[in-house]
Amino acid sequence: MLINGLVTGVLFGILLQRAEVLRYDRQLGALRLQDMTIIKFMLSAIIVSMVGIHALVDLELAKLSVKPLVLGANIGGGLLFGLGWGLLGYCPGTAAGALGEGRLDALWGIMGGLAGAAAYAELYPAMKATLLSMGDVGKVTLPQLLGLGHWPVIVIFIVVVVAVMRLVERKGL
(Lines give C-alpha, C1' and ligand atoms only; values in the text may rest on other atoms or scores of the structure.)
Protein backbone atom coordinates (compact mmCIF):
# COMPACT_ATOMS: atom_id res chain seq x y z
CA MET A 1 0.00 0.00 0.00
CA LEU A 2 2.87 2.42 0.65
CA ILE A 3 3.84 2.18 -3.01
CA ASN A 4 0.40 3.58 -3.93
CA GLY A 5 1.07 6.64 -1.78
CA LEU A 6 4.49 7.10 -3.33
CA VAL A 7 3.18 6.78 -6.89
CA THR A 8 0.23 9.13 -6.34
CA GLY A 9 2.50 11.60 -4.53
CA VAL A 10 4.97 11.63 -7.42
CA LEU A 11 2.15 12.02 -9.95
CA PHE A 12 0.65 14.88 -7.93
CA GLY A 13 4.07 16.52 -7.76
CA ILE A 14 4.39 16.24 -11.54
CA LEU A 15 0.97 17.84 -11.96
CA LEU A 16 1.94 20.65 -9.58
CA GLN A 17 5.09 21.27 -11.59
CA ARG A 18 3.39 21.07 -14.99
CA ALA A 19 0.61 23.44 -13.89
CA GLU A 20 3.33 25.89 -12.76
CA VAL A 21 1.70 26.29 -9.34
CA LEU A 22 5.10 25.87 -7.68
CA ARG A 23 6.29 29.18 -9.08
CA TYR A 24 6.53 32.09 -6.66
CA ASP A 25 4.92 34.51 -9.11
CA ARG A 26 1.89 32.22 -9.39
CA GLN A 27 1.64 32.01 -5.60
CA LEU A 28 1.85 35.78 -5.28
CA GLY A 29 -0.68 36.22 -8.08
CA ALA A 30 -3.11 33.91 -6.28
CA LEU A 31 -2.71 35.80 -3.01
CA ARG A 32 -3.38 39.06 -4.85
CA LEU A 33 -6.33 37.50 -6.74
CA GLN A 34 -4.59 38.43 -10.01
CA ASP A 35 -3.71 34.91 -11.21
CA MET A 36 -6.28 32.18 -10.68
CA THR A 37 -4.05 29.29 -11.84
CA ILE A 38 -3.63 27.92 -8.31
CA ILE A 39 -7.30 28.42 -7.45
CA LYS A 40 -8.36 26.57 -10.60
CA PHE A 41 -5.88 23.78 -9.85
CA MET A 42 -7.15 23.44 -6.27
CA LEU A 43 -10.80 23.45 -7.32
CA SER A 44 -10.06 20.79 -9.95
CA ALA A 45 -8.37 18.65 -7.31
CA ILE A 46 -11.35 19.09 -4.98
CA ILE A 47 -13.78 18.00 -7.70
CA VAL A 48 -11.74 14.90 -8.56
CA SER A 49 -11.45 14.05 -4.86
CA MET A 50 -15.17 14.57 -4.18
CA VAL A 51 -16.20 12.32 -7.04
CA GLY A 52 -13.54 9.70 -6.30
CA ILE A 53 -14.14 9.48 -2.56
CA HIS A 54 -17.93 9.31 -2.83
CA ALA A 55 -17.74 6.76 -5.66
CA LEU A 56 -15.49 4.57 -3.48
CA VAL A 57 -17.84 5.00 -0.50
CA ASP A 58 -20.91 4.18 -2.60
CA LEU A 59 -19.16 1.07 -3.97
CA GLU A 60 -18.32 0.15 -0.35
CA LEU A 61 -14.60 0.19 -1.14
CA ALA A 62 -13.96 2.94 1.43
CA LYS A 63 -15.55 4.36 4.54
CA LEU A 64 -16.11 8.08 5.02
CA SER A 65 -14.91 9.32 8.40
CA VAL A 66 -16.30 12.80 9.03
CA LYS A 67 -14.35 14.87 11.53
CA PRO A 68 -16.19 17.37 13.77
CA LEU A 69 -16.49 20.95 12.57
CA VAL A 70 -14.83 23.13 15.21
CA LEU A 71 -15.03 26.77 14.15
CA GLY A 72 -12.35 28.05 16.55
CA ALA A 73 -9.82 25.51 15.36
CA ASN A 74 -10.68 25.99 11.68
CA ILE A 75 -10.60 29.78 11.81
CA GLY A 76 -7.41 29.86 13.91
CA GLY A 77 -5.71 27.28 11.70
CA GLY A 78 -6.86 29.05 8.54
CA LEU A 79 -5.48 32.37 9.73
CA LEU A 80 -2.15 30.78 10.65
CA PHE A 81 -2.01 28.93 7.32
CA GLY A 82 -2.78 32.13 5.40
CA LEU A 83 -0.18 34.10 7.34
CA GLY A 84 2.48 31.48 6.61
CA TRP A 85 1.52 31.31 2.92
CA GLY A 86 1.59 35.09 2.62
CA LEU A 87 4.97 35.43 4.35
CA LEU A 88 6.70 32.55 2.57
CA GLY A 89 4.97 32.59 -0.78
CA TYR A 90 4.33 28.83 -0.69
CA CYS A 91 1.72 26.65 0.94
CA PRO A 92 2.97 23.39 2.51
CA GLY A 93 2.36 21.29 -0.61
CA THR A 94 3.93 23.73 -3.01
CA ALA A 95 6.86 24.30 -0.63
CA ALA A 96 7.72 20.60 -0.84
CA GLY A 97 7.37 20.69 -4.62
CA ALA A 98 9.46 23.86 -4.89
CA LEU A 99 12.17 22.26 -2.75
CA GLY A 100 12.06 19.28 -5.10
CA GLU A 101 12.72 21.70 -7.96
CA GLY A 102 15.75 23.02 -6.08
CA ARG A 103 14.29 26.22 -4.62
CA LEU A 104 16.04 26.37 -1.27
CA ASP A 105 13.88 29.25 0.03
CA ALA A 106 11.07 26.71 0.41
CA LEU A 107 13.17 24.91 3.00
CA TRP A 108 12.47 27.76 5.45
CA GLY A 109 8.75 27.10 5.16
CA ILE A 110 9.19 23.36 5.61
CA MET A 111 11.35 23.91 8.70
CA GLY A 112 8.79 26.43 9.97
CA GLY A 113 6.03 23.89 9.45
CA LEU A 114 7.96 21.29 11.43
CA ALA A 115 8.62 23.82 14.21
CA GLY A 116 4.93 24.75 14.16
CA ALA A 117 3.94 21.09 14.46
CA ALA A 118 6.24 20.70 17.47
CA ALA A 119 4.82 23.86 19.06
CA TYR A 120 1.27 22.61 18.40
CA ALA A 121 2.08 19.31 20.10
CA GLU A 122 3.39 21.18 23.15
CA LEU A 123 0.47 23.63 23.27
CA TYR A 124 -2.23 21.05 22.50
CA PRO A 125 -3.25 20.38 26.12
CA ALA A 126 -3.82 24.09 26.78
CA MET A 127 -5.56 24.66 23.44
CA LYS A 128 -7.81 21.61 23.77
CA ALA A 129 -9.94 23.35 26.39
CA THR A 130 -9.98 26.69 24.56
CA LEU A 131 -9.42 27.25 20.83
CA LEU A 132 -9.85 23.61 19.84
CA SER A 133 -13.31 23.38 21.41
CA MET A 134 -14.75 26.81 20.54
CA GLY A 135 -17.72 26.54 18.21
CA ASP A 136 -17.87 22.72 18.08
CA VAL A 137 -20.71 22.04 15.64
CA GLY A 138 -20.19 18.28 15.59
CA LYS A 139 -19.84 15.85 12.72
CA VAL A 140 -21.79 17.56 9.94
CA THR A 141 -21.48 17.59 6.19
CA LEU A 142 -22.72 20.11 3.64
CA PRO A 143 -25.25 17.61 2.21
CA GLN A 144 -26.63 17.08 5.74
CA LEU A 145 -26.92 20.81 6.32
CA LEU A 146 -28.69 21.26 2.97
CA GLY A 147 -30.90 18.19 3.44
CA LEU A 148 -29.66 16.68 0.15
CA GLY A 149 -27.76 13.59 -0.90
CA HIS A 150 -24.06 13.91 -1.64
CA TRP A 151 -24.38 13.51 -5.44
CA PRO A 152 -26.72 16.49 -5.95
CA VAL A 153 -24.36 18.65 -3.87
CA ILE A 154 -21.37 17.40 -5.89
CA VAL A 155 -23.14 18.13 -9.19
CA ILE A 156 -24.16 21.63 -8.02
CA PHE A 157 -20.59 22.28 -6.85
CA ILE A 158 -19.14 21.14 -10.18
CA VAL A 159 -21.58 23.32 -12.16
CA VAL A 160 -20.76 26.37 -10.03
CA VAL A 161 -17.00 25.76 -10.24
CA VAL A 162 -17.10 25.28 -14.03
CA ALA A 163 -19.15 28.47 -14.42
CA VAL A 164 -16.72 30.43 -12.21
CA MET A 165 -13.72 28.98 -14.07
CA ARG A 166 -15.21 30.02 -17.42
CA LEU A 167 -15.83 33.53 -16.09
CA VAL A 168 -12.26 33.70 -14.78
CA GLU A 169 -10.93 32.54 -18.17
CA ARG A 170 -12.96 35.22 -19.96
CA LYS A 171 -11.45 37.84 -17.65
CA GLY A 172 -7.97 36.56 -18.51
CA LEU A 173 -7.10 35.49 -14.99
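A: Glutamate 20 counts as partly exposed, with a relative accessibility of 30%; partly exposed is the range between buried, under 20% relative accessible area, and exposed, over 50% (1.4 Å probe, protein chains only). Please note that this is a predicted model, in which local features need pLDDT of at least 70 and side-chain atom pairs count only at pLDDT 80 or more, while totals for chains, interfaces and linings use all residues. Residues are numbered from 1 along each chain as its sequence is written, and side-chain values use heavy atoms, with hydrogens and water left out.

Q: Which side chain meets glutamate 20 in a salt bridge?
A: Arginine 23 does, at 2.7 Å from N to O. A salt bridge here is a side-chain nitrogen of Lys or Arg within 4 Å of a carboxyl oxygen of Asp or Glu. Glutamate 20 also forms a salt bridge with arginine 26, where the closest N and O atoms are 2.7 Å apart.

Q: And what else does arginine 23 pair with?
A: The side chain of arginine 23 meets that of aspartate 25 in a salt bridge of 2.5 Å, N to O. Shared partners join Glu20, Arg23, Asp25, Arg26 and Asp35 into one network of salt bridges. Arginine 23 is partly exposed at 28% relative accessibility, and aspartate 25 is partly exposed at 43%.

Q: How many salt bridges are there by this rule?
A: The count comes to six.

Q: How far apart are the ends of helix H3?
A: The end C-alpha atoms of helix H3 (residues 37-58) are 32 Å apart, which agrees with the 32 Å that its 22 residues should span at 1.5 Å a residue. The expected span is 1.5 Å times one less than the number of residues.

Q: Which residues of H3 are buried, and what do they pack against?
A: Thr37, Ile38, Lys40, Phe41, Ile47, Met50 and His54 are buried in H3. The buried residues of H3 pack against helix H1 (2-18), helix H2 (24-31) and H8.

Q: Which residues make up the largest nonpolar core?
A: The core has eight residues: Leu16, Val21, Leu22, Ala30, Ile38, Phe41, Trp85 and Cys91. Such a core is a set of buried Ala, Val, Leu, Ile, Met, Phe, Trp, Tyr and Cys residues joined through side-chain atoms within 4.5 Å. Leaving aside neighbours within four places in sequence, leucine 16 is in contact with Val21, Leu22, Phe41 and Gly93.

Q: How much of the protein chain is buried overall?
A: Of the 173 residues, 20% count as buried. The C-alpha atoms fill a box of roughly 50 × 45 × 40 Å, taken along the principal axes.

Q: One last item: where does alanine 115 lie?
A: Alanine 115 lies in helix H6 (residues 106-128) and counts as partly exposed at 46% relative accessibility. The C-alpha atoms of alanine 115 and glycine 52 are separated by 33 Å, with the two residues 63 apart along the chain.

Note on methods:
Helix = DSSP H or I, 4+ residues; strand = E, 2+ residues; numbered from the N terminus. Contact = heavy atoms within 4.5 Å.
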